[in-house]
Amino acid sequence: MTTPAGSGTGFGSVSWWGLSPALDLQAESPLVDPDSQADTEHGTPQLDVLLLGSVDGRHLLRTLARAALWPRRRFQFYVLENNLEAVARHMLVFSLVLENPAKMGLQEKSETFLEVWGNTLLRPPVAAFVRAQADRLAHLVPEPDRMAEQLPWLRLGTLKFRERDALEAVFRFWAGGEKGPESFPIRCLWDTRLRHYLGSRYDARRGVSDWDLHMKLHDRGARVIHIHEFRRWRDTGIAFELRDSSAYHVPNRTLASGHLMSHRGERVAVRGYWGDIATGPFVAFGIEADDESLLRTSNGKPIKTAGEITQHNVTELFRAMAAWECGKVAQQDPVEVLGQADGTQEPAAPSPESFTVHFLPLGSAQTLHHKSCYKGRFHLLYMACGMVHLLSPELGACVAPGGRLIVELARYLVDLRHEQLQGFTTRVAELAQAAGFAPEPGARPSETFARFYRSEDSATDCINPAVESRPSAPEVLAPHPEVLDQPPEVLDPSPEAMNPPSEDLMQSLQG
């Protein structure tokens, strides 16, 4: 068996990292109008952003890290994912980023983030950190008062009680509720998934990796990804090897997710690895850099690898984010010396109270417009490529007149051929137009993001109540509490179940 080109199965059905570079959302949003957008309680303008499928928080982190470059604003991030494991990873990442610098240094924090974010196996100290944080979060989820006190940036109030119970179960699994690597045998799961993805090409997987890298990722702009790091990730799932390879042997449970699958006519709970096995976590922070020297070439080849650029970018991002914990910008931080464009005002020192992350119920994209608090509220709507099928007039009604829409394109999905990428871009434009958006005038051409704005005319159009909302994401993408509470024998997937298609993405391509 060979995997047909364009099947989309390498993308997986659960996203763990972004397939596009991190954005500064302030640079993408409408200009600040202090009179009309002032927050009466805090006296500062507010930016409301709705993100569908952002999965790893990269856009939020970059926006916060660069906040001192802009006039002061309060951020309200509304995040909607298609599985609770992604919500849990968001919470873990922000807990790590905002960890007291006295407890965890900058280098340790950056390395911990990279391992948890992009490696299937962890070093024992990193695994111990994940267990400790997961245990803490598991105790905070059912106690809103304690959570508001310890994590003032987090809001889970809109989640359903069933979802909060399932979220607590995710954290308890991460904390080691089921002992031993056999509870999540990631080496076996990765290899089995890879075998069924490649089929008869498995024995030639090195050649397949070389082809996908050189003829697809490199041609599409990701030339800094080195062949050795890409091969290592394709074979083992370890993207960032910051220590000796023998140091990585503890399964990264944060990459586990559940499915309800059909087995002999019955719905069976299966836990496994259902994420990306084709592109890798190199694109989000590893192919662009503010420091142009990192992207230099010598004899036509990049002098830095994507892993090295990722580590540098994440470290600098965390250095700037330290101001959110300390309440002031470090003396030599670059964001301090840039200041305002006119140089007449010092940059405002950010604080943890200046942003809030709200997690919305799963599958609520087509019902948000029913609540008056969301209609016409958001200044910016971001959609990942795997969530494009949710773009509709109902969702568009939640964007304010003049608001922006950014859609992640499928540029770095190696399963897709050139004509499919063009078809996807065309389909995105059609869905955006139907949802009341128009191409943003003067937007720079991009093969990575499509940019639109909501015009005044479309904002006044009424949604026909006789037209039913489009269905939410397929059931296979929605987590069920019982998936995380099954005995180990149920969690051993059959080989034929190891390669679920990415239904949402292919649905978007087929229109």
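Strands β7 and β8 form a hairpin, with two residues between them. Strands here are DSSP runs of E, at least two residues long, and helices are runs of H or I with at least four residues, all numbered from the N terminus. In the turn of this hairpin sits R264, whose phi is positive, at about 55°. The model is a predicted one, so to speak of local features takes a pLDDT of at least 70, side-chain atom pairs count only at pLDDT 80 or more, and totals for chains, interfaces and linings use all residues. Residues are numbered from 1 along each chain as its sequence is written, and side-chain values rest on heavy atoms, with hydrogens and water left out.

Across the pair, L260 stands opposite A269 in β8.

V55 is not a glycine, yet its phi is positive, at about 55°. V55 is found in the loop between β2 (44-52) and α2 (58-65), and it counts as buried because its relative accessibility is 7%. N299, also not a glycine, has a positive phi near 55°. Its place is the loop between β9 (297-298) and β10 (301-302). Is N299 buried or exposed? With a relative accessible area of 80%, N299 is exposed, a label for values over 50%, with partly exposed in between.

Technical notes: Two strands pair if DSSP finds at least two bridges between them. Buried means under 20% relative accessible area, exposed over 50%, partly exposed in between (1.4 Å probe, protein chains only).
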